[in-house]
Amino acid sequence: METHIHQFEPVYNQNSHILILGTFPSIKSRETHFYYGHPQNRFWKVLAAILKSPIPSSIEEKKAFLLGHSIAVWDVIKSCDIHGSSDISIRNVIPNDITRITLSAPITHIYANGQKAYDLFLRYCANPSSLPITKLPSTSPANASYSLERLTKEWCCIQKNVPEAFHASGTSQ
């Protein structure tokens, strides 16, 4: 077990309406210094399919994609003891202050990327506005029981909270 500190900032702006929370960056994400950096993680493919957009590849494209669709992304954990990328091994959690986003952006809904993110959010995070939170199946490659098609179907629920102007184009009209 090693203690790790989250090394990169959340992605959000004044137009972010939904917040997607993970647990803590995987080894690959820590190496790339951005969210969902493991090539087998299906996060970017799922969102692109739902929002009918090309799959972003560079960090700048990913940031533009998220912000262009009114999506904020962060992780529940600021620091923890973790073995590799294993969520099951997480101990000694210090949470991120999620209110940093929820009080400065018009967030209407929070989505947890997996059971562990959901459980950690409920246990450690303040939710002063009592925003609704929905648990979605993890896009991690460790969640092998979910195909890309099945994940996309389950994640489609986020569409109802993305402002209509941001659905297909990724920009406000």
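A: Start with contact, which means heavy atoms within 4.5 Å. Helices (H or I, at least four residues) and strands (E, at least two) are DSSP runs, numbered from the N terminus. The model here is predicted: local features need pLDDT of at least 70, and side-chain atom pairs count only at pLDDT 80 or more, while totals for chains, interfaces and linings use all residues. Residues are numbered from 1 along each chain as its sequence is written, and side-chain values use heavy atoms, with hydrogens and water left out.

Q: How many helices and strands are there in the chain?

A: The chain has 6 helices and 7 strands. Read from the N terminus, the order of elements is β-β-α-α-α-β-β-β-α-β-α-β-α.

Q: What does the radius of gyration say about the chain?

A: The radius of gyration is taken over C-alpha atoms, and the globule rule is 2.2 Å times the number of residues to the power 0.38. For 173 residues a compact globule would have a value near 16 Å, and the chain, at 15 Å, agrees with that. Along the principal axes, the C-alpha atoms fill a box of roughly 50 × 35 × 25 Å. Among contacts between residues at least 6 apart in sequence, 66% join residues at least 24 apart.

Q: What share of the residues is buried?

A: Buried means under 20% relative accessible area, exposed over 50%, and partly exposed in between (1.4 Å probe, protein chains only). By this rule, buried residues make up 50% of the 173 residues in the chain.

Q: What does the side chain of T152 reach?

A: A polar contact is a pair of N or O atoms within 3.5 Å; within protein, one must be able to donate a hydrogen and the other to accept it, and residues adjacent in sequence count only if both atoms are side-chain atoms. The side chain of T152 reaches the backbone oxygen of L148 at 2.8 Å.

Q: Which polar contact does S104 make, and where is S104 placed?

A: S104 is in the loop between α4 (99-102) and β6 (109-113). A polar atom of the S104 side chain lies 2.6 Å from the backbone oxygen of R100. Beyond its neighbours within four places in sequence, S104 is in contact with Y12 and T99. The relative accessible area of S104 is 43%, so S104 is partly exposed. S104 and S16 are 88 residues apart along the chain, and their C-alpha atoms are separated by 9.4 Å.

Q: Is K52 buried or exposed?

A: K52 is exposed, because its relative accessibility is 64%. K52 is in the loop between α2 and α3. Its phi is near 55°, a positive value in a residue other than glycine.

Q: What phi does S70 have, and is S70 buried or exposed?

A: S70 has a positive phi of about 70° although it is not a glycine. This residue is in the loop between α3 and β3. With a relative accessible area of 1%, S70 is buried.

Q: Which residues does H4 contact?

A: H4 is in strand β1 (residues 2-5). Apart from neighbours within four places in sequence, H4 is in contact with F24, R30, K78, S79, C80 and I82. H4 has a relative accessible area of 19%, so H4 is buried.
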